[in-house]
Amino acid sequence: MHLMRVVIDVPVRINVGPIHPSTHGVLRLVVDVEGDKIENMEAHIGFLHRGVEKLLENRMYMQACPHMEKLDYFAPMSYDELYVAAVEQAYGIELKEKAMYVRTILLELQRIASHLASIGFLCNDIGQLFTAFMWSFKDRDMVLKLLEAATGTRMFYVNMRIGGLVRDLPPGFEDSAIELLDYLSKRIPAYEKYLEKNPVFMERNKGIGVISRDEAKNLGITGPVLRGSGVSYDIRKNKPYYVYEKLNFRIQVRNEGDNFARYKVRMLELRESIRIVREALKKMPPEGSAVGMPIRLIGPPVKNKITITERELPRGECMIYLVADPQRPYRAYIRSANFINLSAIEEMCKGQRFADIFSIIGGLDMVMADVDK
Amino acid sequence: MEEIDYNSDKFINAKAEMDKLVEESLKTRAVRPNVLFGKLSELTKATSSKVIEWSRQNSLWPMQFGLACCAIELMDFGSPRIDAERKGYLLFRGTPRQCDVMIVAGWVTKSVIPEIKRLYEQMAKPRYVIAYGECATCGGPWWESYNIIRGIDQVLPVDVFVAGCPPRPENLFGALMKLQKKLGGEIED
């Protein structure tokens, strides 16, 4: 049989986006392809820019929490906690032990929800694997239900206060948390069995979007993407905060540096998070309150004018550089992990095929609202 | 070459003359009324509006289009907990040409307005817009920002507003039911 072939020897420029290039937000990619191979790529960002850093300067400290949460809407509580921790550092406020444990538990539950969503989106971006998307969203919903019981809302919790939290954990939280963790630890092998025996998933992730150890370090990538490239770096271990020192967990590292390694790191981190929550629930002091200060910070003067606070968020290392005035920040610079991870996309996509862009975006697991700020 | 005077009577009264010619030709070659066809057309006219209305109500295809946080709840809308499929809302399409409903989920920045407008214009009529969440209704928490428009209703005609930051997926279910009622004429604008 004779197959007709059309040979285009001129590089073709294809525009991807800006509305919904995949399930990650408003991102425009201009791609030069030769045949199916990506020769060059340029990312255009800024479609969701709304000037968070400027808005923070006009808000009192606790008024800014909802704005911080909307930066990374898969892990809103983590960003909320980052900001509140920065303010606590500026005012020199120490946390009670109970509050530290409760925060750790809630943050790790948030990490579980975020990683589940990211795995679902990776499968959705590849296409064909809608089952995994449905599964992961069902499981994520169960985690959100638990968080809703603890905080009162489903998605944007605004549950942090200076010196603690808005409310204590509700009665019966521990039992339902352990029940959920038992369920999840049974589910994770099911995901792995389904995905890693799936030829489509393996074909589209193994050896795709490779970034080497040195390149990843040079670009300043953090989070599961960095750990997938063989660098053992996690703020929870390297500069521990709260009670992470007392808890027993490992940094999960894979050496391949491809998309599959990133997925695998997330899967392993889910297990670690389940371990952390279990242990923290056991070690948490039964008495005492985790409730923080009332909403307005009027009394204490600012102790440290300039502070830097770092946290390990589900998508990487985030940092706030806070120049504190009384009542409101003079300047709050946010280092968002997603923005810096996005800078690797050109490096990752070069030499790959066109359809791999979307699995690479899924593996990077960006949140464009965090990129554009 | 002879010049044509376009202001002459011949040209000005061309339409009237044409009408006259058509009238005369109709007199000589009159079409006999087809009884069966006439009755059928009346019948279909009477029933089709109801049928079209019913089918429009029950096949609302939303566009797969998300901007920010609310889009996550939009995806949750399709997840097993809500199961929007049971009402027939869950045919999210990738192209605007196959869609009836645009759900604007997220804040609308100045740089994204032209893209949204283009998508809206690519949708086939009749088309509906749901403003989902605070940001799309009034600017939400970003109302002070320099790069945000305070509500998508400044750009597109909106049918249903959904409040909440973000609204629960159940609220979107409610909004689509409301849109169905609006199409059925139960709710007026």
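Start in chain A of this predicted model by selecting its open sheet of three strands, which pair antiparallel in the order β1-β2-β3. Colour β1 (12-16) and β3 (37-44) of chain A next: these are the edge strands, each pairing on one side only. Look along the sheet and you can follow a twist that averages 20° from one strand to the next.

Now zoom in on β1(A) and its antiparallel neighbour β2 of chain A, residues 28-34; five bridges join the two. Show side chains here and pick A:R13, which stands opposite A:D32 in β2(A).

Select the largest nonpolar core, a set of 151 residues. Its residues with the most contacts inside the core are A:Y83, B:L74, B:V104, B:I130 and B:Y132, so label those five as you go. Then highlight helix α4 of chain A, residues 97-126: with 17 residues, this helix gives the most to the core.

Last stop, the contact between the chains. Select the 24 residues from chain A and the 29 residues from chain B that take part. On the chain B side, α4 (70-77) and α5 (113-122) each supply at least two residues, and α4(B) has the largest share, with four residues. Colour the chain B side by residue type to finish: 16 residues are nonpolar, seven are polar and six are charged.

Terms used: Residues numbered from 1 in each chain as written. Chains lettered and ligands numbered in written order. Predicted model: local features only at pLDDT ≥ 70, side-chain atom pairs only at ≥ 80, totals over all residues. Contact = placed C-beta atoms within 7 Å. Nonpolar A, V, L, I, M, F, W, Y, C, P; charged D, E, K, R; others polar. Pairing = 2+ DSSP bridges. Axes fitted to C-alpha atoms, helices over the stretch in contact; angles between N-to-C directions. Core = buried A, V, L, I, M, F, W, Y, C linked by C-beta atoms within 7 Å. Buried ≥ 20, exposed ≤ 12 C-beta atoms within 10 Å, placed from the backbone.
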